[in-house]
Amino acid sequence: MDSASMDTSAKQKKTSNKKKVAIVGGGLVGALNTSFFAKRGFDVYLFESREDIRSAKVVKGRSINLALSHRGRQALKHIGIEEKIVSMGIPMNARMIHSLSGARSPIPYGKKGQYILSVGRTNLNKELLTAAEAFPNTKLNFDHKLLDWSPETGVMTFSGPDGAEREFQADLIVGCDGAFSTTRKQFLRRSRFDYSQTYIPHGYLELTMPPRNGDFAMEPNFLHIWPRNTFMMIALPNLDKTFTCTLFMPFEDFEKIRTGDEVINFFQRNFPDSIPLFGMDALKRDFFQLPAQAMVWVKCSPYHLLDRCVLMGDAAHAMVPFYGQGMNAGFEDCLVFSEIMDLYNEDFAAVLPEYTRVRVPDDQAMAELAMYNYIEMRAHVNTRYFLFRKYLDNTLHFFMPRTIVPLYTMITFTRTRYHEAVIQWQWQNKVITRGLWIFGTISILGVSYYYLQFCPKKPHLTALQQLWKQVIALKWLTK
Ligand code: FAD
Ligand code: EGO
């Protein structure tokens with residue numbers, strides 16, 4: 001056989017015998033990823049341990065709504081459902097900062113038309129499953145819990161709906177099974193796999209704020225934030241005119257609140273404006289409906305195992321929710337993987353290591369930023385500091401729109417690689433500090449010139465002494 005005809009027969013084999021891809025986990029990232037692989041023509045099998053949420057009566061899970069931003073939207077656009085999802089979300093054009101006194105200050109996220117979207121987790125997940133199911137080359141398997149799998153053969157063992165064990169063989173296994181990933185267990189057994197898991201001292205509790213007189217109890221198109229250092233509360237709007245409020249607080253403080261009266265007392269001291277909006281009795285009751293939930297940061301590397309398995313979403317990089325990027329980063333994982341598949345002609349042996357090389361630094365940078373936000377907010381973000389920082393960001397950006405782009409903007413409204421956004425941010429901070437020094441020096445010189453010029457009666461020495469005092473004061477201020 002000559003080489004040309006061998007080429008075509010190889011090609012034919014490839015198209016007639018498309019590889020089997022198994023997606024583990026039908027959460028947000030797994031459901032989206034199913035469409036990504038299906039679009040390429042693979043035979044895609046999704047396995048989700050829970051029942052089908054589209055037919056389930058009660059859906060329990062983590063946060064009720066999430067902030068969807070540019071990165072997540074770009075991934076949705078790739079499979080043609082961006083518009084559909086956007087229509088189910090509520091735009092939040094600004095944050096609304098609630099001060100202790102009840103004052104509310106709106107600060108826009110960016111230019112007009114730059115907004116983040118509040119979307120319901122369950123609705124989003126349902127739409128993603130339906131979109132995945134619409135491909136002829138997908139098969140969704142619910143009530144299938146992955147127990148273990150073999151890196152050598154690609155054979156996976158599930159516990160099926162009847163409790164019986166089932167086996168399935170796949171060419172590629174995509175682990176999208178969340179922060180406590182079972183897929184990842186095989187990675188942990190191998191050498192040179194880095195892994196860490198860190199719980200933060202804070203827990204979170206979700207409370208629903210009902211509509212008032214048939215309408216939203218607060219302005220709907222905002223991300224409401226009550227910054228109180230260690231106690232933080234946020235509220236995102238829902239389509240049914242309720243708000244889902246999330247209270248972040250150290251577990252040890254949650255433990256101190258045991259009775260309804262203690263709840264009211266706590267809210268009276270920290271979030272007094274929210275009490276009438278929740279309703280005193282509802283608040284006393286709802287606070288104890290569910291215990292506070294833990295938050296974990298999972299860091300690992302590499303994201304692939306041989307040419308057989310790859311991790312995406314929380315399975316690869318669970319992060320603390322203080323940047324609103326966990327899902328967005330997971331969605332971008334799917335997009336980045338797809339971009340690399342284009343570059344390397346869907347050759348798993350080349351794509352998987354490249355995915356790790358490209359994506360680990362970005363996801364780790366994002367997870368670190370989320371942790372940084374948590375630490376900074378907890379340490380000194382009260383209403384005044386929050387407003388000051390955001391006004392400063394916006395002002396500098398207004399005067400130097402190309403040089404200074406706020407970090408939040410780069411992360412939320414662009415696809416600048418996460419790790420590059422961090423480098424850019426550190427560079428900007430240097431420029432700003434230098435600018436402040438120059439500005440300070442010029443001011444001192446200006447003031448002293450004015451002083452020497454217009455106060456000639458005082459002895460020369462005193463002026464110098466004054467000047468020196470100012471230099472010392474400035475040094476102290478900028479320390
Ligand atoms: P998951 O959503 O955890 O889905 C994993 C799926 O795998 C589940 O359906 C599970 O049942 C299934 N599964 C698990 N084990 C197995 C198994 N052995 N076999 C089969 N199936 C299995 N992100 C944002 O972008 N914006 C936000 O505003 C935001 N807010 C958040 C607020 C809070 C309080 C929290 C906790 C997180 C927030 N996030 C946010 C992060 C976001 O929730 C996660 O990043 C996202 O859900 C990750 O999706 P995933 O599909 O990787 O994992
Ligand atoms: C100084 C001022 C330092 C999630 C402000 C840091 C996060 C941080 C949890 C908000 C928005 C989507 C969120 C901003 C900062 C979601 C978010 C922000 C929270 C908490 C959140 C902002 C769900 C931090 N985005 N953000 O700039 O508006 O700034 F408050 Cl607790």
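In the predicted model described here, a polar side-chain atom of Asn-328 lies 3.0 Å from an oxygen atom of ligand 1, a polar contact being a pair of N or O atoms within 3.5 Å, where within protein one atom must be able to donate a hydrogen and the other to accept it, and residues adjacent in sequence count only if both atoms are side-chain atoms. Because the model is predicted, local features need pLDDT of at least 70 and side-chain atom pairs count only at pLDDT 80 or more, whereas totals for chains, interfaces and linings use all residues. Residues are numbered from 1 along each chain as its sequence is written, chains are lettered from A and ligands numbered from 1 in the order in which they are written, and side-chain values use heavy atoms, with hydrogens and water left out.

Ligand 1 is surrounded by 30 residues, of which Glu-48, Arg-50, Ala-67, Arg-121 and Asp-314 are the closest; a residue is taken as near a molecule or strand if one of its heavy atoms lies within 4 Å of it. Backbone atoms also approach this ligand: a backbone N or O atom of Leu-146 is found 2.9 Å from a nitrogen atom of ligand 1, and a backbone N or O atom of Leu-28 is found 3.3 Å from an oxygen atom of ligand 1. Around ligand 2 there are 20 residues, with Arg-95, Tyr-109, Met-377, Lys-390 and Tyr-408 the closest.

Helices (H or I, at least four residues) and strands (E, at least two) are DSSP runs, numbered from the N terminus. Two packed helices are described by the angle between their axes and the distance between the axes; the axes are lines fitted to C-alpha atoms, for helices over the stretch in contact, and angles run from 0 to 180 degrees between N-to-C directions.

Helix 2 (residues 28-39) and helix 12 (residues 326-343) have axes that come within 9 Å and cross at roughly 20°, and the two helices are therefore roughly parallel to each other, given that angles under 35 degrees count as roughly parallel, over 145 as roughly antiparallel, 65 to 115 as roughly perpendicular and the rest as oblique. Helix 2 passes helix 12 in a right-handed crossing; a crossing is left-handed if the near helix is turned anticlockwise from the far one by less than a right angle, and right-handed if clockwise. In this contact (heavy atoms within 4.5 Å), the residues of helix 2 include Leu-28, Leu-32 and Phe-36, and those of helix 12 include Met-327, Phe-331 and Met-341. The residues of the contact divide into eleven nonpolar, three polar and no charged, where Ala, Val, Leu, Ile, Met, Phe, Trp, Tyr, Cys and Pro count as nonpolar, Asp, Glu, Lys and Arg as charged, and the others, Gly among them, as polar. Gly-326 also belongs to helix 12 and, leaving aside its neighbours within four places in sequence, is in contact with Asp-314, His-317 and Met-319.

The axes of helix 2 and helix 5 (residues 121-133) come within 8 Å, crossing at roughly 25°, and these helices are therefore roughly parallel as well, although helix 2 passes helix 5 in a left-handed crossing. Leu-28, Ala-31, Leu-32, Thr-34 and Ser-35 of helix 2 meet residues of helix 5, among them Arg-121, Leu-124 and Leu-128, and by class this contact has eight nonpolar, three polar and one charged residues. For helix 3 (residues 70-78), the axis comes within 10 Å of that of helix 2 and the two cross at roughly 40°, so that helix 2 and helix 3 are oblique to each other. In that contact, Leu-32, Phe-36 and Lys-39 of helix 2 meet Ala-75, Leu-76 and His-78 of helix 3.

The peptide bond from Ser-301 to Pro-302 is cis, with omega near -5°, and Pro-302 is placed in the loop between strand 17 (293-301) and strand 18 (304-305). Asn-213, in the loop between strand 13 (194-209) and strand 14 (222-228), has a positive phi of about 50° although it is not a glycine.
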